[in-house]
Amino acid sequence: MRLSIAARVLIACTTLMVLGLMLLVAGFAVNENVHTADQRIVLLSEALHAQDRQDRAQDQLRLDVGDTTRSAERGATIPDRRWATLVARARAFAALPVAFPAVQHRREIAAIMQTRRASRDFVANTVHVVTIARTRPDLIAKTMPRFVASLRRLEASRARTREALTLAVMEAADRNSRESRRRTVEVLFGGLVILAIIAAMSAWLRHRLVKPITVIAQRLRAFGAGRDDGAVPGVARRDELGDLARGLAEYRDAVESRRAAERRVDFLAHHDMLTGLANRLLFESRLSHELMRSARTGDTVAVVVVDLDRFKAINDRFGHAAGDRALKRAADLLSRCVRSDDLVARMGGDEFAIIQVARSQPAAAEALLARIYRAVDACDADDNATEPAIRLSAGVAFSEPGQPGDELYELADTALYRAKADGRHTARFFNKDLREQESLRLRLARDLEHAIASDQLYLVFQPIANAGTLAITGYEALLRWRHPTLGEIAPDTFVPIAESTGLIAPIGAWVIAHAIAAAAQWPEALSLAINLSPLQFRADGLADELRRAAAAHGVALSRLELEVTESATLLGYQRDEVLATLQAMQADGARVVMDDFGTGHSSLGNLKDFAFNKIKIDRSFVAAMGDHPPSASIVRAIIGLGKSLKLTIVAEGVETDAQLARLRRWGCDQVQGYLIGRPSCDIQATTMRARVGV
Ligand code: C2E
Ligand code: MG
Ligand code: MG
């Protein structure tokens, strides 16, 4: 059975107390012994003094007896008084005390008893001889020897008594010193035992109590500071410390599980569930932290924004599960390419971002991009049999002193935008040119807000003609912006800005209203083609808006041609809305045109689902037709495809007779381009070679 600490301490303390008491008693005993021995020595000494007094009294008695007998022998009469005095003194001598209380040994007692007897004998002889000296002086000589003999006996026994007493004093002193020594040794030994017990107790307390408590306190402190140094020691003990250790272990487990839950919540709050990467929140806080740190260290922070090219197409073609897998593969790939102290985050959708802090930039960022694109190529070689290939565009920006994180991120995003515009699957660094473009973009975005109200927008119309007869079948409305200080801004520049700022909704509505108002003035046979941004389909009621505008100006919906690019049809998340709007308009008689065909995914699935009425071959193919045989083949193939699907084919960007001749030969239905007419405010002036007709 194991004892508790309290029991052990109690036992130790009790032992100490008992030992202390014993020591005290021993001390008292020593003291008592010494005292008793001292008393005996005092009594013995007193007995010796008594002997001395008796000696003196005896000597005096002897002398007086001698004087008395001599004077009696000389014939003098001994007076009665003298006789009585001598007898009284002799009797008083006999009554002198003998030191009985001090004596203990038989030897001493025997000596004293003998002395008493001798003393009584001497007194009797003294009285006898003194009486003889008074009454019969003649018998003195005869009596004297007896007196002398008793005196001698008394002296001899007194000498023996003195010797015995002296011996007793010596023995008592000797015994006393021996006893004292022995008791002192005992007391010292007892003290040593107590000291040993105290030392053992403190060692035990240190080893079994203080040290474990210190270790537990250290563990607690470390645990409090968030470090887990392992199990709490002493849980197996069956004493109070074991109780404490077990209590602490339970507390530690409870806190640890709470911490684990908090860590999990924290992880969920800061990480993306699909890829396990950091999320936007963590990215932003880490970025501002790194920017602050770099201001101290002099390092440069690079933000790399990475976007999966044509991710929506992956989603549409292969399904969302494949899209998720592509995101995971991209996340994995990026994580493998960065160093351990870089941060990869998924910012949302198919957009990732990396924070890279380095002393030597842009070298470090270039090396990172090289690793990423090498890894993408390697991934292609590995995976392309089962999974769609990953293509990445990246934009990079470097921090400047005092720059906030969101601004740095936007610069990287601008560079990404440029990379996408430059043909995708490539990376661009944000530089001076981009900075200028960006500031221009910001300025245009700001100015565009007032463009409608300030009458800076206007429409031009470009004719579309029958390829065979060149008779104009209609016009395409093209938007223009005359900036008060920057002059004419091309729609390729400002339409994307309008799209990114949300201004495309009011601008699109303005185009619809003004284009239809213009078409109301034209001969009814002429159609009106309106370009629709994919983002216009986000707002409900595009079909109603078109209907209202057409009704307001008395333009038949059958005169409308709605031009959408493939991107509009590929917006996976609102594909159904786009489809519904276009189908509603088709039901009302309008025609739907796929613009810039050949530049997007040219998905045949789109052609089927959207039931386009017309395909517009992108002008880049038409322009390249002459000296780039593949482009010519593409144009020819698209015309053939359109024919077989019974769609009208329009070729845009026709600038030369040669192009027109080939397009005619291949059976293209309609043509549009500078050869027919440039976009203009005045539709009559634009028509150079064509005539209005069907
Ligand atoms: P798009 O719809 O493909 O328009 C045809 C573009 O080709 C027009 O450029 C036109 O001026 C140009 N073009 C026509 N013939 C020729 C030619 O023979 N040679 C050359 N080199 N170019 C020719 P623009 O007007 O700069 O418009 C560019 C793009 O801006 C349009 O491409 C369209 O996507 C967009 N856009 C224009 N107006 C609007 C609009 O009102 N709304 C929307 N959402 N987008 C518009
Ligand atoms: Mg167009
Ligand atoms: Mg076009």
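The model is predicted: local features need pLDDT of at least 70 and side-chain atom pairs count only at pLDDT 80 or more, whereas totals for chains, interfaces and linings use all residues. Residues are numbered from 1 along each chain as its sequence is written, chains are lettered from A and ligands numbered from 1 in the order in which they are written, and side-chain values use heavy atoms, with hydrogens and water left out.

Buried means under 20% relative accessible area, exposed over 50%, and partly exposed in between (1.4 Å probe, protein chains only). With a relative accessible area of 7%, Asp 595 is buried, whereas Asp 596, at 22%, counts as partly exposed.

## Overall form

The chain contains 21 helices and 15 strands; helices (H or I, at least four residues) and strands (E, at least two) are DSSP runs numbered from the N terminus. Its radius of gyration is 66 Å, well over the 26 Å given by the globule rule for 694 residues, so the chain is more spread out than a compact globule. This radius is taken over C-alpha atoms, and the rule is 2.2 Å times the number of residues to the power 0.38. Along the principal axes, the C-alpha atoms fill a box of roughly 215 × 55 × 45 Å. Of the 694 residues in the chain, 44% are buried.

## Nonpolar cores

A nonpolar core is a set of buried Ala, Val, Leu, Ile, Met, Phe, Trp, Tyr and Cys residues joined through side-chain atoms within 4.5 Å. The largest one has 77 residues, and Phe 461 and Leu 528 have the most contacts inside it. Helix 13 (residues 504-519) gives the most to this core, with nine residues. A second, separate core of 30 residues includes Leu 308, Phe 311, Ile 372 and Ala 427.

Not counting residues up to four places away in sequence, Leu 528 touches residues including Phe 461, Tyr 475, Ile 516, Trp 522 and Leu 560, where contact means heavy atoms within 4.5 Å.
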